[in-house]
Amino acid sequence: MESLKKRVAEFSQEAHDLYLNQSVPFLEGSPDPLQFYRDWIGPNKPCIIRNACSHWPALTREKVGSKVITVAVTPDGYADAVNGDRFVTPEERRMSFSSVLDVIEGKEHVGVFYVQKQSSNLLDELPELTDDLESHVPWMSDALGKLPDAVNFWLGEASAVTSMHKDHYENLYCVISGEKNFILLPPTDRPFIPYGVYQPAVYRQRDDGEFEVVNQSDSEKVPWIPLDPLDPDLDRYPEYRRARPLRCSVKAGEMLYLPSLWFHHVQQSHGCIAVNFWYDMEYDIKYNYFQLLEALSEVTRPP
């Protein structure tokens, strides 16, 4: 077992030595699709593209103010995250866009509000914005030979945090206003990232304004990462010392290419507005290798 753990650790080290960057590089302007595929999608490496969405117009309340959208509400800003021995999802509310903006602009409220529905909420709930923001990114669609599976709209408070996780999408994350702060870890660091299996639950706000956690006892348990990369408990998860996270900030007018299977944790400036495009990944040899690494990581993790 010790020999296997050593080989898995060497696998990660070799990836860092051979092809991974020590910081997230910047590109200037919309890239050539074929070149982008060769340099970034194929090698599965992140980058930030400057001046690629700076021509999108600023969002105006008048255009969509009366539209009703889905909003996630939590007591502390941690939605879809481990809380104790449970995986807790937010309370979802239907509110007008203007009401959400009122909350974010500082009117008194209890809880942390975040428009983070995903499931292509831009197209489903705010289709009026697609003429301004585009329903896909042409050069990315050309590079991948397909349109995105989902286009998601994000708007929230500074306290709203996305806990560490990974997705099976090629993700193009575009900041319209404000700033997003990412912590990124490559798939090859999987052996150092702890997972647990948790009872699903959901937040509910009581009549007195306090939040309670309600178990979803009929649902299957959820595998999730309990570690907070902002304040990792290294006594409990000592293997994380060997991870080598990248940190980057994505500002208004910039896009982050976040490759499939990369682990990420996200914070934002107050009132940040962003749109991301999810293109389904290719389930090729790269995916097979990751599945093998994930299985080995489970075998070699400390009891």
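Contact here means heavy atoms within 4.5 Å. Axes are lines fitted to C-alpha atoms, for helices over the stretch in contact, and angles run from 0 to 180 degrees between N-to-C directions. Helices (H or I, at least four residues) and strands (E, at least two) are DSSP runs, numbered from the N terminus.

This model is predicted: local features need pLDDT of at least 70, side-chain atom pairs count only at pLDDT 80 or more, and totals for chains, interfaces and linings use all residues. Residues are numbered from 1 along each chain as its sequence is written, and side-chain values use heavy atoms, without hydrogens and water.

**The sheet.** Show E1-E2-E17-E11-E19-E9-E8-E3-E7: nine strands in an open sheet with mixed pairing. Two strands pair if DSSP finds at least two bridges between them. E1 (26-28) and E7 (91-96) are the edges, each pairing on one side only. The twist averages 25° from one strand to the next.

**Inside the sheet.** Zoom to E3 (residues 68-74) and E8 (residues 112-115), antiparallel and joined by three bridges. Which residue in E8 stands opposite Val73? Phe113 does.

**A loop residue.** Select Thr188, in the loop between E12 (179-185) and E13 (196-205). Is Thr188 buried or exposed? Thr188 counts as buried because its relative accessibility is 9%. Buried means under 20% relative accessible area, exposed over 50%, partly exposed in between (1.4 Å probe, protein chains only). Beyond neighbours within four places in sequence, Thr188 is in contact with Phe11, Ser12, Ala15, Tyr19, Leu20 and Leu293.
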